[in-house]
Amino acid sequence: MSGEPWDPVERDRRYASCKRAGLARLVSEGDSWFDYPPHPNIIDWLDGEGVWGIKRFEKSGDTLENMASDSNLSRIASTAQKEKPEAILFSAGGNDLFTDIPEQPKLRWIWRALNPYDAQQTAAEHVNALAWDEKKTELRRGFVRVIGALGEYAPILLHGYDYLTASGEKVKYDGFRPAGPWILPSMQDRGINDAALQQAILRVLIDDVNQILAALETTYPDSVIYVNLRGTLRPGTDWMNEIHPTEDGFHKVEERFRDALIERLPTVQQRRNAT
Amino acid sequence: MRHLSSRQAGVLLVLLCSATPVASQIRVPDDSIAAFVAVESELLWRNLSLADALGLRSGVAYPLRLPRIPLQLQVDGWTALAQRPTSGYGDQYAFTVHYQHILADRPHPKSVVFGYVEYWNPNVGQLSPRLASRTRELRASALADVGIPSEGIRTVSLRLDVARDISRENATWIRGAASASIGATVQHGETDYSVSAIPTIAVSMSDLRGPRASGTRPAFGFHSADAELDIELRTRWPTESLHSSTTLQLGSSIRAERLGANIGWVGIRQSFLIL
């Protein structure tokens, strides 16, 4: 009988049963795209496919900086060494754009990545080059640490999200805990009120994150499978709030992961076995 | 065989090609080994007082891991910790065989569970020498998980139990229950701790006489309305196969007059799960 899907003990119980049933093994680590409290997320849908047993480490709100820490990577590496998964699923980087910042206690880090509104400037020019370069360097370093620590055990599936939306939508957890919005207040504080410009700026940021991951796949083809999720979700329909898809949206994203596991993973595994 | 038009053939081809085929999908039942022991302020079974004493509850569940026939064996005990009863059924022990049939897998699982139970009440002769100390029961349960995404509630577990005594009482008992879980997980070193509050509401109907009553069988009708709250601390060691849970149980029940006065109870339970 099923238990609460967010509970780590329940997740381990499920994984043990899936192993005994002979399902292929995966390890997952990540943020709310793998562990979204209000409704089923990518991993929940993958878990329901009846093909994979998934040893889950993800936690909603987690940052790449934390996931790439020595202690966390050591914990996952020892599990991967023991469990011998076919792949490691990894979702990170999003929350690193929304950490607290001391100079604007009510806003998130993304505020630093934005320049004040200037009607003469393009969306790309509204991105603070210095702050964003620093963040991209942090993200790349974090992903490289993950690849270095876990890549030897199994190919790692990475994604760079779809285009976030500055909708200003809040979210409620457990019926009473509010969270967000994460993006719109920072945009408004910078004077960026035009919805089309907001969307174009977010497009620049998400494209850059995806370029980092695509480059990592090129550099480490035996360790990284980059899953491009851009264009998967319909704006305004498949987003529950600014940074999380609806349940149907997560299901669409899961299909991309499923396709990558079925169609692309075997090729990478063959290459790894050949070397 | 009916021939397909070119349009129908086209649609069929699109359908066949649109989804990545998933070779072998397996519905995975819960097949963990579990054990628990609890001390409760009232020795209750289906809100009937078995004895006016503190109760020791205990149980062990052991799966028979047969391919395609997921059977679970379970032994449960209700043991009075103070004076042996002279008016209730007294100590009770039960042996159950369950079969779970999964109708839908995650993320919204639905299943039905069929069971056969053998009860043994070694002290029942003190209540009436004519009462048999053993009885049998057939049981069926329907379980379904639903969510309320707009309220941030991931899972509401719905459960309908039907049980029919086929030996001593020939009585029927039906209970509908809904529970949800609110909680958080904290990682400390290698260990994950989760704390959760699990409220449950239930209403039941029966034609059970109650252990203190005699005479003609009552008409089938209201049995009890229950509200329970479990406060649970679960500990997960990611690389270990043993997990533990400690639960503070608070319960209250509005009972049909034939079952006795309304009642409130507290309990503390320690559970172990072997994966």
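Predicted model: local features only at pLDDT ≥ 70, side-chain atom pairs only at ≥ 80, totals over all residues.
Colleague: Which residue stands opposite B:Ala140, and what does the turn look like?

Modeller: B:Ala140 faces B:Val162 of strand 9 in chain B. The two strands make a hairpin with four residues between them, and B:Gly152 in that turn has a positive phi of about 75°.

Colleague: And which way do strand 9 and strand 10 of chain B pair, parallel or antiparallel?

Modeller: Antiparallel, over nine bridges, with B:Leu158 having B:Ala178 in strand 10 as its bridge partner. Strand 9 and strand 10 of chain B also form a hairpin, this one with six residues between them, and the turn includes B:Asn170, whose phi is positive at about 50°.

Colleague: Is B:Asn170 buried or exposed?

Modeller: B:Asn170 counts as exposed because it has 11 C-beta neighbours inside 10 Å; a residue is exposed if 12 or fewer other C-beta atoms, placed from the backbone, lie within 10 Å of its own, buried if there are 20 or more, and partly exposed in between. B:Asn170 is not a glycine, despite that positive phi.

Colleague: What about A:Tyr161, then, buried or exposed?

Modeller: A:Tyr161 is another non-glycine with a positive phi, here about 65°, and it sits in the loop between strand 4 (156-159) and strand 5 (171-173) of chain A. With 24 C-beta neighbours inside 10 Å, A:Tyr161 counts as buried.

Colleague: Changing topic, where are the cis peptide bonds?

Modeller: In chain A, such a bond links A:Gly180 to A:Pro181, with omega about -5°, and A:Pro181 lies in the loop between strand 6 (177-179) and helix 6 (184-189) of chain A. In chain B, B:Arg106 and B:Pro107 are joined by a cis peptide bond with omega about 10°, and B:Pro107 belongs to the loop between strand 6 (92-104) and strand 7 (110-120) of that chain.

Colleague: How many residues does each chain give to the contact?

Modeller: Chain B contributes 41 residues and chain A contributes 42, two residues being in contact if their C-beta atoms, placed from the backbone, lie within 7 Å. Elements of chain B that give two or more residues to this side include strand 8 (134-148), strand 12 (191-206) and strand 13 (221-236).

Colleague: What is the make-up of that side by class?

Modeller: The side of chain B that touches chain A has 13 nonpolar, 15 polar and 13 charged residues, with Ala, Val, Leu, Ile, Met, Phe, Trp, Tyr, Cys and Pro counted as nonpolar, Asp, Glu, Lys and Arg as charged, and the others, Gly among them, as polar.

Colleague: Back to chain A: how many helices and strands does it have?

Modeller: Chain A has eight helices and seven strands, and buried residues make up 49% of its 275 residues.

Colleague: Which residues of helix 5 of chain A are buried?

Modeller: Helix 5 (residues 129-150) buries A:Lys135, A:Leu139, A:Gly142, A:Phe143, A:Val146, A:Ile147 and A:Leu150. Seen down the helix axis, these buried residues fall within an arc of 135°, so they line one face of helix 5 of chain A, the arc being that of the directions from the helix axis to the C-beta atoms.

Colleague: What covers them, and which exposed residues does the face turned away carry?

Modeller: The cover over the buried residues of helix 5 of chain A includes helix 4 (70-83), helix 7 (195-219) and strand 7 (224-227) of chain A. The face turned away from the buried side carries the exposed residues A:Ala129, A:Leu130 and A:Thr137.

Colleague: Last one: what does A:Ala260 touch?

Modeller: A:Ala260, in helix 8 (residues 247-274) of chain A, touches A:Leu157, A:Ile225, A:Val227 and A:Leu265, not counting residues up to four places away in sequence. A:Ala260 counts as buried because it has 21 C-beta neighbours inside 10 Å.

Definitions and conventions:
Residues numbered from 1 in each chain as written. Chains lettered and ligands numbered in written order. Pairing = 2+ DSSP bridges.
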